[in-house]
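Thanks, everyone. I'll keep this short. Please have a look at the chain on the screen, and then we'll walk through it.

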Amino acid sequence: MASNYSSFFGYEEPHFLESCSLCRKPLGLNSDIFMYRGDKAFCSKECREEQIESDEAKERSWKISSRSLRKKTTEAAKESATGKTVRTGTLVVA
């Protein structure tokens, strides 16, 4: 399957249905393809499940980090209200 995508430097980006998004195994024309989130194709249920578990773990980690940041911000606001010196940082979100 030829790809119609190319990057800035002329490198051809493979079409998302050409290979498994996890193990990079080529996807055959007459084989089952297991989809996830609309744009990720997998060669097997196992590869798809591994990706789902990985994404869920990242999401849980993000939620824990977010909760921790909110707690620190709340504590800093309380300290600031009591007249204590408070240092603040910069948060960069991608």
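Let's begin at D55, which sits in helix 1. Is D55 buried or exposed? D55 counts as buried, because its relative accessibility is 10% and the cut-off for buried is under 20%. Who are its partners? Setting aside neighbours within four places in sequence, D55 is in contact with Y36, R37 and K40.

Now Q51. Helix 1 holds this residue too. Q51 has a relative accessible area of 11%, so Q51 is buried. Its contacts, again leaving out neighbours within four places in sequence, are L22, Y36, K40 and F42.

A word on confidence before going on. This is a predicted model. The protein chain averages a pLDDT of 78. Of the residues, 62% score at least 70. Residues 1-7 have a pLDDT below 50. Beyond near neighbours in sequence, that stretch has 15 contacts in the model.

Next, the overall layout. The protein chain has 1 helix and 4 strands. Read from the N terminus, the order is β-β-β-β-α. There are 94 residues in the protein chain, and buried ones make up 16% of them. Take the contacts between residues at least 6 apart in sequence: 11% of these join residues at least 24 apart. The chain exposes about 8,100 Å². Carbon and sulfur atoms supply 53% of that area.

On to the core. In soluble globular proteins, nonpolar side chains tend to be buried together. Which residues form the largest nonpolar core here? There are 9: C20, L27, F34, Y36, A41, F42, C43, C47 and I52. Three elements each supply at least two residues of this core: strand 3, at 34-36, strand 4, at 40-42, and helix 1, at 45-81.

F34 is one of the core residues. Leaving aside neighbours within four places in sequence, F34 is in contact with K40, A41, F42, C43, S44, K45 and R48.

Y36 and F42 belong to the core as well. Both are buried. How many aromatic pairs does a search of the whole structure find? It finds 1. The pair is Y36 with F42, their ring centres 6.5 Å apart. Why call it tilted? The planes stand at 55 degrees, so the pair is tilted; over 60 would count as edge-to-face.

Last topic: the cysteines. A disulfide is a covalent bond between the sulfur atoms of two cysteines. How many disulfides does a search of the whole structure find? The count is 0. Look at C23. C23 is in no disulfide, and its nearest cysteine sulfur, that of C20, is 3.7 Å away. Then C43. Its closest cysteine sulfur is in C23, at 3.7 Å.

C43 has a relative accessibility of 19%, so C43 counts as buried. C23 is at 40%, so C23 counts as partly exposed. C43 is also listed in the largest nonpolar core.

To recap. Helix 1 carries D55 and Q51. D55 is buried, and Q51 is buried. The search gave 1 aromatic pair and 0 disulfides. That's it from me.

Key: Residues numbered from 1 in each chain as written. Predicted model: local features only at pLDDT ≥ 70, side-chain atom pairs only at ≥ 80, totals over all residues. Heavy atoms only, no water. Disulfide = S-S within 2.5 Å. Buried < 20%, exposed > 50% of the residue type's maximum accessible area, 1.4 Å probe, protein only. pLDDT = per-residue confidence, 0-100. Contact = heavy atoms within 4.5 Å. Core = buried A, V, L, I, M, F, W, Y, C linked by side-chain atoms within 4.5 Å. Areas by Shrake-Rupley, 256 points an atom, 1.4 Å probe, with all protein chains shown as cover. Phe/Tyr/Trp six-rings, centres within 6.5 Å; stacked < 30°, edge-to-face > 60°.
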